[in-house]
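Reader: I have a model open and would like to go through it with you. Can we start with the overall picture and then look at the details?

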Amino acid sequence: MRRSIATVCLSGTLEDKLAAAAAAGFDGVEIFENDLVVSPHSPAEIGRRCADLGLSVDLYQPFRDFEAVPPDVLAANLRRAERKFDVMEQLGADTMLVCSSVSPDAVDDDDLAAEQLRLLAERAGARGLRIAYEALAWGRFVDTYDHSWRIVRRGDHPALGVCLDSFHVLSRGTDLAAIRTIPGEKIFFLQLADAPRLHMDVLQWSRHHRLFPGQGAFDLTTFLGHVLSTGYAGPLSLEVFNDVFRQSDPWRAAVDAMRSVLLLEEDRLPPAPALTGHAFTELEVSGPELAEALSAMGFTHAGQHRTKPVQLWRQGGARVLLNEGSGQISALAVESADPAASQARAAALHSPALTDVSLPGVAAPDGTAVFFCGNGWLEDFPATGAPEDAGAGITGTDHVSLTQPFDNFDEAALFYRSVLGLQPELPTEFAAPFGLVRSRAVSNAARDVRISLNVALLRRGGWAPGVPEPQHLAFTSEDVLASARQMHERGAPLLRIPDNYYDDLDARLAPPPELLAALRKYSVLYDRDEGGEFLHFYTRVLGSRVFFEVVQRIGNYAGYGAANAPVRMAAHRRLRLAGG
Ligand SMILES: O=C(O)c1ccc(O)c(O)c1
Ligand SMILES: [Mg+2]
């Protein structure tokens, strides 16, 4: 199907938006009136620009507050419409979106609305144009798609149809079945937007928090299935009002947008090969701290890269590569059933292959390299011959936690969902010492690949410390208390948790007294959900911005200990202030 994007989705001037949409491979655009009004170029020039870029102008919008008004207002509205038809002719746009009225002039009269929309459609039709009527979720009298369709049907004119916008439909929770009763040729336009589940005024929700499909909580696949079953053959068009995207690099946002439509057409993509675990995580280090910490945690420096200054550290199924650099997590590697196919899917989703590396891989939105490993990668790491450490009970990797740049949080969730085929969980939020943090995990069905994405909810203010929130790597242990005790005895740089935490834990969750005492003694944190229990502890921040965590999941605990994250953050912060 043709793919379009509304100019309102992207930041910048109209020329930036059009160039970015074309560069990302869109076939068409919805021109938002404001973007045109502020442009120094005439509608005809914009139309030519679009044609030169290979973009069709699929919609002109929005035309507001038209229907069900007294005769004098109608006359003024028709005059206004004719002026906009002039613009559309110059632009080369044949469909105008009319949103359901929010005007105090309007009356609650479907017959009048239908009659006046028919009049508008007659005027449009005479000029070869069409009217697509959209029910805004906050329309004064028309706020559901089935109501807009009743009015369009009553208006009964070939140049009058409906515009379905997934946000307005899904935000209201309206039953979708009636979509199938609309003839496909009467659906003049389809707008797609996702959104997080929020309990707030629907207008605010729509104007600030929409997301590209696949980034939010709406089931757009089911919605689209209903629409396509009608025979709708127009474009799939994205219309996303989002405060962050309005400030983001439009070229990047347009690629993110394109990925979201491609994912909606999943059956045309190369399938995502199964992922079967974390192969390794690569850390860039500038001093001995990380190697010393791994050693104290029971890891063995087991291999050394054939040609590069990269060390392989191993304990159980956990593998860490240490490379020279600036002190951050530089790569995560997942085991793929078919690394070449993983790479091909990534390319189909506009994530180009990393060059200059020996494994198939792509760059995640935050720049972290993501590698797809088969069986052979360990061959590049001949054994050092170092004696194998008996270890401290670490068995594997639980998750990698990456702090995302503010602008790329939703993009990252969609990247991992689409490119790696991971399932995003619902975001959680918690109050950290220096502001709210939003956290969202992506994982595979077997839960042996888990990545946790974190972001400060607002751009940081001047008071907050100028150091980035650290990233971390979490290992698994089958007996985290024993691991903590052993690491403690071996002098690992573990993070001390204050007594207040354990007093509160006792009050909230009442763990058995012996367990509480052991948790307190070894600074192990605790959480519980419907599925099970979670025990975990942390190291101090090592080098500039990495730390380790060791976790034990008992039963089917699904989370990441978000309730404990503020305690961890405050403890890390205190050490930093103390210079430790
Ligand atoms: O927020 C609005 O007013 C608005 C305008 C046009 C649309 O297509 C829409 O879905 C919302
Ligand atoms: Mg819309």
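**Chain and contacts**

Author: Among contacts in the protein chain between residues at least 6 apart in sequence, 76% join residues at least 24 apart; two residues are in contact if their C-beta atoms, placed from the backbone, lie within 7 Å. This is a predicted model, where local features need pLDDT of at least 70, side-chain atom pairs count only at pLDDT 80 or more, and totals for chains, interfaces and linings use all residues. Residues are numbered from 1 along each chain as its sequence is written, with chains lettered from A and ligands numbered from 1 in the order in which they are written.

Reader: How many helices and strands are in the protein chain?

Author: The protein chain has 17 helices and 24 strands. These are DSSP runs numbered from the N terminus, with at least four residues for helices (H or I) and at least two for strands (E).

Reader: What share of the residues counts as buried?

Author: Of the 580 residues in the protein chain, 48% do. A residue is buried if 20 or more other C-beta atoms lie within 10 Å of its own, exposed if 12 or fewer, and partly exposed in between, with C-beta atoms placed from the backbone.

Reader: Now ligand 1. Which residues surround it?

Author: The shell consists of Gln61, Pro62, Leu97, Cys99, Glu134, Leu136, Asp165, Gln191, Ser206, Arg207 and Glu239. A residue is near a molecule or strand if its C-beta atom, placed from the backbone, lies within 6 Å of it.

Reader: What is E3 like, mostly covered or mostly open?

Author: Strand E3 (residues 56–63) is mostly covered, with 7 of its 8 residues buried. Strand E2 (residues 28–32) runs parallel to E3 and is joined to it by 5 bridges; two strands pair if DSSP finds at least two bridges between them. Val29 has Val57 in E3 as its bridge partner. E3 also pairs with strand E4 (residues 95–99), in the parallel sense over 2 bridges, and Phe63 stands opposite Val98 in E4.

Reader: What sort of peptide bond joins Gln61 and Pro62?

Author: A cis one, with omega at about -5°. Pro62 lies in strand E3.

Reader: What comes between E3 and E4 in the β-α-β unit?

Author: Helix H4 (residues 71–91), and the unit is right-handed: with the strands pointing away from the viewer, the path from the first strand over the helix to the second runs clockwise.

Reader: What about phi for Asp65 and Ala68?

Author: Asp65 has a positive phi of about 50° without being a glycine, and Ala68 has a positive phi of about 60°, again without being a glycine. Asp65 is in the loop between E3 and H4, and Ala68 is in the loop between E3 and H4 too.

Reader: Why does Asp65 count as buried?

Author: Because Asp65 has 20 other C-beta atoms within 10 Å. Ala68 counts as buried with 27 C-beta neighbours inside 10 Å.
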